[in-house]
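Open the model in your viewer and keep the sequence panel beside it.

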Amino acid sequence: MSAPFRSYVLVSREQIARNYAGVRAVVGPEVEVCGVVKADAYGHGALEVSRVLVAEGARWLAVSSVDEGVNLRRGGIHETRILVMGGFLPYEGEALVEYDLTTSVHSLSQVRDVDRLSHSAGKPLRYHLKIDSGMGRMGTRASAAEIAATLAGAHYAQLEGLMTHFASATDYTSTQTDEQLAYFEGIRALLGRAGIHPPRLHTSSTNAICYGRTAGWHNLVRAGHAIYGYVSPARGDAPPQLLHVKPALTWKAKLLAVKDIPEGAAVGYGGTFHAPRPMRIGILGAGYADGMFHRLSNRGKVIADGKLTPIIGTISMDLTTIDLSHTTALGPGDEVTLLGAEGDARLDAQQIARTAGTISYNILCSISARVRRVYV
């Protein structure tokens, strides 16, 4: 289908649902699947993706910030639990209560903060304590004894979950994931001896799910990238993938102009491209302000008339120039595929990322808000 926009993405609700169902089938009925919809659902549109996941039976969603959680509640996502993985700042406490958000907690001082917040709210707020098991980012490095002592002094808030995050789940040349899991399980066991048994345990996201690190699945997993159709490639002697998903997003842009240029003509800012022969070029209505990586200048490709074709010259804020010498079928108003497939030609976020020197997550999350989202 086509849409009346210079640049837009098509998001398949059906593919989102299939990918989510695939995750559920892999982990089985005893493991809850939390759909990660942070960063506007990795560029796919958090509210619409959340609606799809809720319709598929999701009882948990995860966001990064309180603001993201509030937007979902205001958009009509009311019954599903929403976990704020990035924790909360002091001024966001009232919103946690008002919008019934479940926060992760990253320090012992924040345990005390959420306990005071629970007391003032007059109801027990549930929270998930994050353990820094070796990622060196968010989470507490306190000992189990220190955690237990702090929890003993927290009389109002409820510790519902214990969580961590793996730094290198796809890297089978490293023992880091096993070490992280061992650290987490050690803290969990010591807390258990102190009579602390959080009902929810979660350490695994897409890659740990896909490559079958089952010891880390516990009773809740956090599926993000897989829902949108991607699994990161593994390093080393990895087991076969348990999960196979397909991208849910296609990105299109319209040609604003098509013209012929002579041999030697310069193209774009800085004249970084000179035509090696007479060429037919097209100018697309999408640039780096839309999410076209500047590093794709003279390196990247798009699909035009069913064929992979080079980006030529420097990508500018609103425009990208491509080589159309292979076809006379396209003119102003016709569409080119920036991410997706036409016939046998395919271009996914991982391919683009390799050319741009980044990761597929970055490609998807960089598609800007001015690129319209169209749901099919």
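The stops below cover a pocket, a lysine and an aspartate.

This is a predicted model, in which local features need pLDDT of at least 70, side-chain atom pairs count only at pLDDT 80 or more, and totals for chains, interfaces and linings use all residues. Residues are numbered from 1 along each chain as its sequence is written, and side-chain values use heavy atoms, leaving out hydrogens and water.

**The largest pocket.** Select Lys-38, Tyr-42, His-165, Ser-205 and Tyr-361, which are the closest to the pocket's centre among its 33 lining residues. The space in the largest pocket is about 820 Å³. Next, colour helix H10 (349-356), one of the helices that supply at least two residues of the lining. H10 gives the most, with 3 residues.

**Lys-38.** Lys-38 sits in helix H2. Lys-38 is partly exposed because its relative accessible area is 30%, and that class runs between buried (under 20%) and exposed (over 50%), using a 1.4 Å probe and protein chains only.

**Asp-132.** Move to the loop between strand E6 (126-130) and helix H7 (144-152), where Asp-132 lies. Is Asp-132 buried or exposed? Asp-132 is buried, yet has no salt bridge (a side-chain nitrogen of Lys or Arg within 4 Å of a carboxyl oxygen of Asp or Glu). The nearest side chain of opposite charge, Arg-141, is 4.4 Å away. Finally, select Gly-136, whose backbone nitrogen is reached by the side chain of Asp-132 at 3.0 Å.

Technical notes
Helix = DSSP H or I, 4+ residues; strand = E, 2+ residues; numbered from the N terminus. Lys, Arg positive; Asp, Glu negative; His and termini not counted. Polar contact = N/O pair within 3.5 Å; in protein donor to acceptor, adjacent residues only side chain to side chain. 1 Å grid on protein atoms, 1.4 Å probe; cavity = no way out; pocket = protein on both sides within 12 Å on 5 of 7 lines; lining within 4 Å. Points joined across faces, edges and corners; volume = space filled by probe spheres on them.
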